[in-house]
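Here's a quick briefing on the aromatic side chains in this one. Have a look at the rings first, then read on.

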Amino acid sequence: MAFYRGVDRYFILTEESTWNTFNASGDEIYPVGIGDDGVAMAQDPGQNILETNVGHGIPFYINTGISSYTGTINCLVPNGVQGLNIVKWGSTITSGSIPSYTLDIKGGESATGERWTGLTVDSMTLTSGSDSGAQRLTAAISVIGGGFDNGTLDPAIPAEDNALYPAASGYLHSQCVLTLGAGVDATVTDLTITFTNILDVGNGTGTDPSYIQFCGRQVTLDCTIEYDADTFRSAFTAQPPTDIILKAVYTDATPDPDETLTLDLKTAAKVTAFTPVNSLGARATSNISFLATSPSQPEGVDFSVT
């Protein structure tokens with residue numbers, strides 16, 4: 001009979017100072033998972049091969065290949081430090097690499113819980129929209145890791161503490177201002193930013209990943225804006241496409257530096273699609289897609305989160 005996980009599962013992210021090493025004193029994040037899809041992890045132990053010695057009828061079993069530890073995390077982006085760190089995890093490059101976190105999962109039938117170490121962001125998508133069900137800024141994160149343990153964990157996973165969850169509900173799309181280029185603030189109805197990291201996963205002489213190295217990435221932005229002025233068209237349809245600097249700022253009703261999230265693309269972006277939509281009896285809108293070019297800032301800094 002299959003285990004029933006129950007609704008008392010919870011998970012904690014802890015930043016690692018060294019890749020694939022649990023750091024008990026690291027910065028902790030208590031993510032607010034979205035429904036049943038809040039967190040899902042998988043362990044692939046490698047490739048199982050059955051070689052058959054036909055002449056003797058004796059099967060030979062071989063386990064080979066590379067172990068993999070992958071999964072997804074879907075969560076809100078809350079106000080304050082925890083939300084800031086969630087966004088920084090997959091979007092900020094530090095010294096040619098991106099941070100790694102340990103994921104602890106506990107609850108249900110598991111007495112000790114599960115510990116997934118060395119989790120590096122393979123891709124992250126930030127989304128918000130004007131529809132009532134899409135107002136919240138959310139993060140969909142795909143991760144790849146270096147290790148797994150569900151034995152006697154040291155230190156043990158702490159009991160769930162509801163007081164450690166972020167108190168604020170998170171940033172809302174209605175609080176977002178999108179700047180396209182020099183001083184052009186656009187009314188945006190849908191916004192999606194995707195970070196796709198290029199990773200080199202090494203295994204040395206073992207079967208578990210011995211390193212996950214950051215090699216590069218691609219940043220794309222898809223949005224729908226209200227078509228307020230014809231001056232937008234020249235920049236978006238220029239040949240070759242015009243470089244545009246993108247900045248999205250989420251701020252609540254009472255502006256506070258600690259409650260403002262700024263997503264700033266430091267390198268130029270090229271327009272890859274520009275589609276005006278002129279509906280009858282409705283506001284004219286434009287669907288636009290951007291692709292970041294190579295970093296133009298020192299040390300490859302192409303995106304900042306503050």
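Let's start with Trp89, which counts as buried at 2% relative accessibility. Keep in mind that this is a predicted model. Searching the whole structure turns up six aromatic pairs, and two of them are picked out below.

**Tyr69 and Trp116**
- The ring centres of Tyr69 and Trp116 sit 6.4 Å apart with the planes at 70°, so this pair is edge-to-face; the angle cut-off for that label is over 60 degrees.
- This pair links distant parts of the chain, with Tyr69 in strand E6 (residues 68–76) and Trp116 in strand E8 (residues 110–129), 47 residues apart.
- Tyr69 has 4% relative accessibility, so it counts as buried.
- Trp116 also comes in at 4% relative accessibility and counts as buried.

**Trp89 and Tyr101**
- Here the ring centres of Trp89 and Tyr101 are 4.8 Å apart and the planes are at 55°, so the pair is tilted.
- Trp89 belongs to helix H1 (residues 81–91) and Tyr101 to strand E7 (residues 101–107), so the pair ties together parts that are 12 residues apart in sequence.
- Tyr101 has a relative accessible area of 2%, so it is buried, and Trp89 is buried too.

- Over at Phe22, Arg115 lies over the face of the ring, 3.9 Å from the ring centre.

How values were computed:
Residues are numbered from 1 along each chain as its sequence is written. This is a predicted model: local features need pLDDT of at least 70, side-chain atom pairs count only at pLDDT 80 or more; totals for chains, interfaces and linings use all residues. Side-chain values use heavy atoms; hydrogens and water are left out. Rings of Phe, Tyr and Trp (its six-membered ring) pair if their centres lie within 6.5 Å; planes under 30 degrees apart count as stacked, over 60 as edge-to-face and the rest as tilted. Helices (H or I, at least four residues) and strands (E, at least two) are DSSP runs, numbered from the N terminus. Buried means under 20% relative accessible area, exposed over 50%, partly exposed in between (1.4 Å probe, protein chains only). A charge sits over a ring if NZ of Lys or CZ of Arg is within 6 Å of the ring centre and within 35 degrees of the ring normal.
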